[in-house]
Amino acid sequence: MPQLECVNPFSGESIGSFHYESFEEQEQKVAKLKESQAKWKQVLLQERIRLVKAALQYFEDNREEIAKDITEQMGRPLHYAGGEVNGFFERANYLCEIAEKALAPDLLEDKTNEGFERSIEHVPLGTIFVISAWNYPLLISVNSIVPALIAGNTVLLKHSKLTPKIGKHFENAFKQMGENNNLLFNSIITHEVTGKVIEELPIDHVIFTGSVNGGKQILQHTSKRFMAPALELGGKDAAYVHLDADLDYASASVVDGCMFNSGQSCCGIERVYVHEDIYEPFLEKIKNIVKTYKLGDPLNENTTLGPLADAKAAIYMEEQVKDALDNGAEILMGGTKKVIERGTFFEPTILTNVDHSMKIMKEENFGPLLPVMKVQNVDEAIKNINDSDYGLTCAIFTNDVSVAQRIGNEAETGTVFMNRCDYLDPALPWTGVKNSGVGSSLSKYGFHSVTRLKSIHFKTKV
């Protein structure tokens, strides 16, 4: 089999060579996972929680190495990569805390006195195939892996070809817990082998995070097995800045929501609508903020915007900018790619005079591009927020809760933020509509997504 070469996106240096595994190797892994799952699901839930909590210590013990691996593999500045480790623990610890309640049977007691015992149990699906993404390699993976293992499943993990070392960290932490072996395997496999695994091996569920096209391919594979996968497929998330918003706060939040991680975030802000009364002062404030960004070596503590994980992504961003300019948009700042050493960056970019005839307002770009559009009122803001094939999140900046509630009621998104953006609260389900995917992770519903319902209907008095 060929080798996967993992390359530092800034220096261009190789940081590891990995063996692409065969389909036959996946057969062996899945067989071991199935065998282990039959024993693992019999372990008491409280003990499974304890063992998962103990396994999390691996990430604390290797915190600095993991943060550096994130930076070297996908280019996020190192002082931000450490923050992902903190976010990992926030989510993992919360999921452990709510697991017992989330997985408790639903008891139906209205017929107990008539001699019936009825309950609805949440039982594990079996072996779950988690296909994770590179842009938040810890956070995306933990959303599925911790609830899956606690619920009594085993996991086959395929991490992105850009971040294979993170997949190995998960295997190191969770492969063996207590006396239970082979609970999680990390696999480095091609797309072709991935498809065969889904179609031909006895896995029980697929959780995929990635592009819309990738999600469509997963659906084709799972349709051969009558499996309904969970899909998180990205977004074209919008912000609306109302006329009463705190402009300093809103401008800082919107810019960070767009530019963080070089814009490589499924729930990053990719379009913003601003009430016409505050449009010009808002532009001036975001311009001053964007001026402060420092592009460069992600290992340098002064760098605030790292290279793109995949240099080819800059081509599509340039096409979006050109299309916008050809149709009347103007560049306030940025607008082009920039090469530093061997890293490809895209300048933090602000565009004005944009409208929905332009690709930059309709198509995902996954970059630090912020198109700003003037609107007359809340009705126009709602219309534009919903004029999208995506529906992951939207953010409303206002001091009037009733305005946020009105937009929240009408917004066709999985999450509605008021006065914040680009954040996942582990107590709330992470879900999308339209091309942003199907299914939920996090919260109690994250546990429900890795279990199936079993009805218990006992007649105890005959």
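Predicted model: local features only at pLDDT ≥ 70, side-chain atom pairs only at ≥ 80, totals over all residues.
**Entry 1: α2 beside α5**

I began with helix α2, which covers residues 45–55, and looked up how its axis lies against the axis of α5. The two axes come within 10 Å and cross at roughly 175°. Angles over 145 degrees count as roughly antiparallel, and α2 and α5 are therefore roughly antiparallel to each other. I then listed the residues that meet: on the α2 side they are Leu45, Gln46, Ile49, Val52 and Lys53, and on the α5 side they are Cys96, Ala99 and Glu100. Sorted by class, this contact holds 5 nonpolar, 1 polar and 2 charged residues.

**Entry 2: α2 beside α6**

Next I asked which residues of α2 meet α6. The class count for the contact of α2 with α6 gives 6 nonpolar residues, no polar ones and 1 charged.

**Entry 3: a salt bridge in α7**

The count of salt bridges in the model comes to 17, and I picked out the one in which the side chains of Lys168 and Glu171 meet, with 2.7 Å from N to O. Why are Lys168 and Glu171 separated by about one helical turn? I wrote down that they stand 3 residues apart in helix α7, which runs over residues 164–174, and so about one turn of the helix lies between them.

**Entry 4: the largest cavity**

I counted 2 cavities of 30 Å³ or more. The largest cavity has a volume of about 230 Å³, and its lining is made up of 26 residues, with Ser144, Ile207, Glu232, Ser440 and Ser441 lying nearest its centre. I checked which element gives the most to this lining, and it is α6, with 4 residues. Among the other elements that each supply at least two residues are the strands β5 (127–131), β8 (205–209) and β9 (230–232). By class, the lining of the largest cavity has 12 nonpolar, 13 polar and 1 charged residues.

**Entry 5: the second largest cavity**

For the second largest cavity I noted a volume of about 50 Å³. The residues that line this cavity include Lys236, Asp237, Arg271, Tyr390, Cys394 and Thr413. I looked up which strands supply at least two lining residues each, and I found β10 (237–241), β17 (390–391) and β18 (393–397). The lining of the second largest cavity divides into 5 nonpolar, 4 polar and 3 charged residues.

**Entry 6: the second largest pocket**

I finished with the second largest pocket, whose volume is about 560 Å³. This pocket is lined by 25 residues, and those nearest its centre are Tyr136, Leu139, Phe260, Asp422 and Tyr423. The elements that give two or more residues to the lining are α5 (78–102), α6 (139–150) and α10 (247–259), and the largest share, 6 residues, comes from α5. By class I recorded 11 nonpolar, 6 polar and 8 charged residues in the lining of the second largest pocket.

Note on methods. Residues numbered from 1 in each chain as written. Heavy atoms only, no water. 1 Å grid on protein atoms, 1.4 Å probe; cavity = no way out; pocket = protein on both sides within 12 Å on 5 of 7 lines; lining within 4 Å. Points joined across faces, edges and corners; volume = space filled by probe spheres on them. Nonpolar A, V, L, I, M, F, W, Y, C, P; charged D, E, K, R; others polar. Axes fitted to C-alpha atoms, helices over the stretch in contact; angles between N-to-C directions. Parallel < 35°, antiparallel > 145°, perpendicular 65-115°, else oblique. Contact = heavy atoms within 4.5 Å. Salt bridge = Lys/Arg side-chain N within 4 Å of Asp/Glu carboxyl O.
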